[in-house]
Amino acid sequence: MKHGLHFFARSDLTTAIQDFTAVIREDPSNAQARLYRGRTYAKQQQYRNAIQDLAAAIHLDPSCWLAFYYRGCILQEIDPKRALQDFSVSVLINDTQENFCSFLHRGIIYSKQCQWSLAICDFESVIALNSSVIFAYLTIGLILLLHLDQYYEAIRQFTNAIKIDPLNVQAYLCRAQAYHKIHNLPNAVKDINRAIHLYPNKSQLLILRGQYLMEWKKYELASLCIHQLAEMDEESFKSQPVQQALIQSFCQNHNKAIESLHEATATQPEPSMFVLLGKIQMKAEKTKDAVESFKQAIMLLMTPAKILPNTFEAAEMYYLMGLCYMEQSNLLQARDAFSMAIRLHSSYPDAFYQRGLCRMQLRQAKCIRDFNRTLALCPSHFQAYMSRAAYYGSKGRYSKAIMNCNEAIKILPNSVRAYFYRGTLKYQNKTFKAAIEDLSKVIDLNKTCFFAYYNRAICYHQIKNFRKALKDYGILILHELSKEIVFKVLINRGLLYMELGDYANACEDFKEAALLSPDDSQIFQAIGICYHRLKEFEEAVRSFNQVLKLEPISLDAYVGRGNSYMENGHEAGLKLAQKDFLKAIHLNPMCVKARICLAYNLQALGKLQRAWNQFTVAISIDPKCHAAYDGRASVCLQMGETFAALQDTNAALKLTITAPLLTNRGVIHQLMGYLSCAMKDYQQAISVDPNYALAYFSAANIYFHNRQFSQAYCYYSKVLKLEPRNESAIMNRAITNTILKNFEEAKEDFEKAVCLSPFSAAVYFNRANFYNGLNQYELAEKDISTALSIQPNDAFMYRLRADIRAKLGFNKEAVEDYKQAISIQEQIDCM
């Protein structure tokens, strides 16, 4: 046995076999002799004898993992299933480092069977047992790169292989391809350069580097690569004009490629040469020349009887001619060329598809038949589904368009275009949440698809998810996009801010938009509205002035400027406002908005009858204008015509039910003494709009009047939750707390009221009463004195201070206050 092992080790296979045979003859149950004779037969490629010996070794010693391993190696090509079983048993018996090859070979078989996850597991086991096996790293990397699209993990595996063997060209080449997949062209080129450094005479490496440099838009370096390639075998390039033309075309040197092919067609006029020439001319955007080349090819292909053969080659020529005509916008000629291609080769899906596009651009309904025929011939034709979706979308049949996008996505599950178009269709179909899902998928696939952010922001706006809409608009603004997109984003975000009531930010966006489009009057109109809401009335007037410079007959600008003038509060402003409203009415006597504003202007000037007339005219123009009824009601109320005011308010409420209108009717009922009706109106207003503070305040006042102080306290508190700076509600709650003997809360409310209205005599007067009730006369005297300094001619306050001073023992001062109170009262009585 030792003699045989010696010759086996020295590769003297014949002698080794003789020795192992002698051992087996003496001891037929010697498993080791069977194992080594089987291995020796395998080396001599006597596989049948080898398998018999290895099977005998396994039979004699079932724990012989080497026998299973070597038999698996022999069987892996002819019987992979049995080979897998042998390798699996081998690793089951021995899964240590000395048997890592079993994992390696089993991984290779799994790879051939496309069982990628199992193959990766085995190669990872190889690495765990022997980390220096480069083949395992490379194979895992290739599986991840070519089959699982896990490019970053593939790069990591190739990098590990390079760390072990920095001179391994295959590792560099594979990593370059992985970098190319993730569009990391600089690193891809670096790895190709390293491979070229190791093997400088490999022409394919130079071609690959040229391709990557082209994609990286390093045209000069790419051209240099091709020139280097040409210099490596210059004569062969001269003898192969087609290859030379292809290389020049690859370098974007289309003119040189065309020149090379012209020379070739002069000496070798073959249809294929003219077709190639035409294709390169198409790349060079010389479509007219390309058409002539294809015509030459067709002439050469014709039989002596001037008949074209029904072959794909002939059909392709017409197909390419059709593409050229489409580039030239000669749609009728393109359609005829595609029809000819279909006649020559009836199962040409791309020809049907392109003819469908022509017909769609020509607004011919037959286009849908062509798309259907394309899909019948090629069910995986992505473009046909997308074009059919576009056709149905243009007809408003959004559901059918979405179904076609669904089919397109089944073909290309990561198509940005398909998800984007489906998202826009869902938006058109008003299924905004579904549209957001698709647009989010687009963004996941392509972070730089800014139209997806824009459309998603619009969808978020539609479903009132303002925070996310603002986030998407913000992302767009951060990037350097075209002026048109930035302009639209600023306008949309400004409108969103206005909807949120954030007029300051809205104004900033509109001002930025105005810089991009200084002649757009609508933007300045929006800026004016924002300034008006921000109570910056002078700026609002300037903005409306700009609108009128750009559009002198803008009714909205006159009305907006008039309202801004009115807010100034002085008579001159009211007069200027009146001029603007009259100008708007002069331009359009049927402008209801201008008449209503003029009516309020006249009301502010005290011209109640004229104001009433304007509201009446507005109602006659638009009997469904609830604002006109509401305005006339306010004038009637001011004129003392409460019943007329009630009728107008009821008329407005028949048109629309709003919290302000219900509250106004409640006020009228309250003035008429119908407190129960008033309370009913206030409660209904609260149910319509739970955040309308005036309804709570008015209801609280009725509760206070009815001495229902606990309810009054609750309602005043609700007012202050909605409007924390409402001084009237704070004052009334302070008085209510005083009555309810909630003295600490009352004191806090009085302090807030003083902070909000430090020059209100009523605040100090009421707090003086509060301190007087608590017998805190010094504080009461201080507050009533402050109230008198603000409002010095109030007899009642002098009388109160006299009472307080008398309690403090200041009798002389109290007498003087009583006298002053009597004097003021006598003056009032005389008047």
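Reader: Where does UniProt place the "transmembrane region"?
Author: The UniProt record, an unreviewed entry, puts the feature "transmembrane region" at residues 126-148. UniProt positions are given in the numbering used here, feature names are shortened, and annotations may be inferred rather than shown by experiment.

Reader: What ground rules apply to the model?
Author: This is a predicted model: local features need pLDDT of at least 70, side-chain atom pairs count only at pLDDT 80 or more, and totals for chains, interfaces and linings use all residues. Residues are numbered from 1 along each chain as its sequence is written, and side-chain values use heavy atoms, with hydrogens and water left out.

Reader: Back to residues 126-148. How much helix and how much strand is the chain there?
Author: The chain is 74% helix and 0% strand over residues 126-148. Helices (H or I, at least four residues) and strands (E, at least two) are DSSP runs, numbered from the N terminus.

Reader: Switching to the core. Which residues touch the most other members of the largest nonpolar core?
Author: Y473, L476, F510, I527 and I784, out of 183 residues in that core. A nonpolar core is a set of buried Ala, Val, Leu, Ile, Met, Phe, Trp, Tyr and Cys residues joined through side-chain atoms within 4.5 Å. Buried means under 20% relative accessible area, exposed over 50%, partly exposed in between (1.4 Å probe, protein chains only).

Reader: Which helix gives the most to this core?
Author: Helix α20, residues 312-327, with 10 residues.

Reader: And what does Y473 touch?
Author: Setting aside residues up to four places away in sequence, Y473 touches Y454, A457, I458, V489, N492, R493 and L496. Contact means heavy atoms within 4.5 Å.

Reader: What does the second, separate core include?
Author: That core has 62 residues, including Y69, I74, L84 and Y179.

Reader: Helix packing now. At what angle do α31 and α32 pack?
Author: About 155°, with the axes 9 Å apart; α31 covers residues 503-516 and α32 covers residues 521-533. Axes are lines fitted to C-alpha atoms, for helices over the stretch in contact, and angles run from 0 to 180 degrees between N-to-C directions. That makes the two helices, α31 and α32, roughly antiparallel. Angles under 35 degrees count as roughly parallel, over 145 as roughly antiparallel, 65 to 115 as roughly perpendicular and the rest as oblique.

Reader: Is the crossing of α31 and α32 left-handed or right-handed?
Author: Left-handed. That applies if the near helix is turned anticlockwise from the far one by less than a right angle; clockwise is right-handed.

Reader: How do the axes of α18 and α20 cross?
Author: At roughly 20°, coming within 11 Å; α18 is residues 271-283. Helices α18 and α20 are therefore roughly parallel. The α18 side of the contact is P271, V275, K279 and M282. On α20 it is E313, E316, M317, L320, L323 and C324.

Reader: What about α41 and α42?
Author: Their axes come within 9 Å and cross at roughly 150°, with α41 at residues 675-688 and α42 at 693-705. So α41 and α42 are roughly antiparallel. The crossing is left-handed. Y682 is one of the α41 residues at the contact, and S698 is one of those in α42.

Reader: S698, buried or exposed?
Author: Buried, because its relative accessibility is 7%. S698 touches T663 and Y682, leaving out residues up to four places away in sequence.

Reader: How far is S698 from R39?
Author: 105 Å in space, C-alpha to C-alpha, and 659 residues in sequence.

Reader: Last one. Which residues is I596 in contact with?
Author: F615, A618, C625, A627 and A628, leaving aside neighbours within four places in sequence. I596 sits in helix α36, residues 592-604, and is buried at 10% relative accessible area. The C-alpha atoms of I596 and C625 are separated by 10.0 Å.
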